[in-house]
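Subject: Structure for your review

Dear colleague,

Please find the structure below, together with its sequence. I would be grateful if you could read the notes that follow with the structure open beside them.

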Amino acid sequence: MKVYSYLSIDSFANCYLVLNEVTKQALIIDPGEIQVPIIENIEINKMKLIAVLITHNHEAHTKGLSTLKKIYDFEVYGADSEMTGKASNVLAGDGSITIAGMEISHYMIPGHSADSLVYKIENVLFTGDTLMGGYIGTTNTNYARKTLINNIKSKLLTQSYDTIIMPGHGPISTIEAEIEFNADIVGKIARDKEKEKYASEVFNRDEKNEGWFTPPSYKRGDNDYEEDDEFNL
């Protein structure tokens, strides 16, 4: 497998051309903007474009579909039936498919959008706006954010440390880097640990019938004073 990355300056979104070097079949992930170098690469290297995979139906990642349709005949894959109706195949939940001779796993990870998908080919995750270098995708509600983080932790961060992340925006990363340095995820994990520690302390104190603010026993000494004591300043 060979992956070519292209950046759209208009939306600072990444588009990926993935080639099966044996069969010369190819697919595109998130065609936000179809630039001349993408077409030249396909034509000069005699690739056969088989499919387009969409991580989520936002214009920054789908705008180039109409351009591609004028040139090539291919299938579209995604989770939004409204978008995939232009050609194609709706992917629901988690699963795997074979396209262009490559085994592709897909993970449904809602949060940034209801139709957010992550694709895995070999040791590369194409994460769209779900997980990016150092941060996660934006959400509209706290519930959506919590759902997104929980799904990232259970479905993505459980992948091997050397798994490569190719996101919808920003630089390439790895699972190991995100576990160590992603501000949104590390912060959430730290807060969860603090909550667990707090709950454990409360439980242990309850078991011992202790309160949080149990004052120590106190005995008045000779040098202590009463409220009516006089002072010479």
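This is a predicted model: local features need pLDDT of at least 70, side-chain atom pairs count only at pLDDT 80 or more; totals for chains, interfaces and linings use all residues.

Residues are numbered from 1 along each chain as its sequence is written, and side-chain values use heavy atoms, with hydrogens and water left out.

Overall composition

The chain has seven helices and 14 strands; these are DSSP runs numbered from the N terminus, helices being H or I of at least four residues and strands E of at least two. Of its 233 residues, 42% are buried (buried is under 20% relative accessible area, exposed over 50%, and partly exposed in between, with a 1.4 Å probe and protein chains only). Among contacts with a separation of 6 or more, 51% link residues 24 or more positions apart; a contact means heavy atoms within 4.5 Å.

The two sheets

Strands of a sheet pair through backbone hydrogen bonds, in either a parallel or an antiparallel manner. Here two strands count as paired if DSSP finds at least two bridges between them.

Strand 1 (residues 2-8) and strand 2 (residues 13-19) run antiparallel and are joined by seven bridges, with Val-3 opposite Val-18 in strand 2. These two strands form a hairpin with four residues between them, and Phe-12 in the turn has a positive phi of about 50°.

Strand 10 and strand 13 (residues 164-167) run parallel, joined by four bridges, and Val-124 has Ile-164 in strand 13 as its bridge partner.

Helix 1

In helix 1 (residues 36-44), Ile-38, Asn-41 and Ile-42 are buried. They lie on the same side of helix 1 because they cover an arc of only 95° around the axis, the arc being that of the directions from the helix axis to the C-beta atoms. The buried residues of helix 1 pack against strand 1, strand 2 and strand 3 (25-29), whereas the face turned away from the buried side carries the exposed residues Val-36 and Ile-44. Lys-46, which follows helix 1, has a positive phi near 50°.

Nonpolar cores

A nonpolar core is a set of buried Ala, Val, Leu, Ile, Met, Phe, Trp, Tyr and Cys residues joined through side-chain atoms within 4.5 Å. The largest has 21 residues, of which Leu-27, Leu-53, Ile-99, Ile-104 and Phe-126 touch the most other members. Elements giving two or more residues to this core include strand 2, strand 3, strand 4 (48-53) and strand 7 (95-99). A second, separate core of 18 residues includes Leu-17, Met-47, Ile-54 and Tyr-72.

With kind regards
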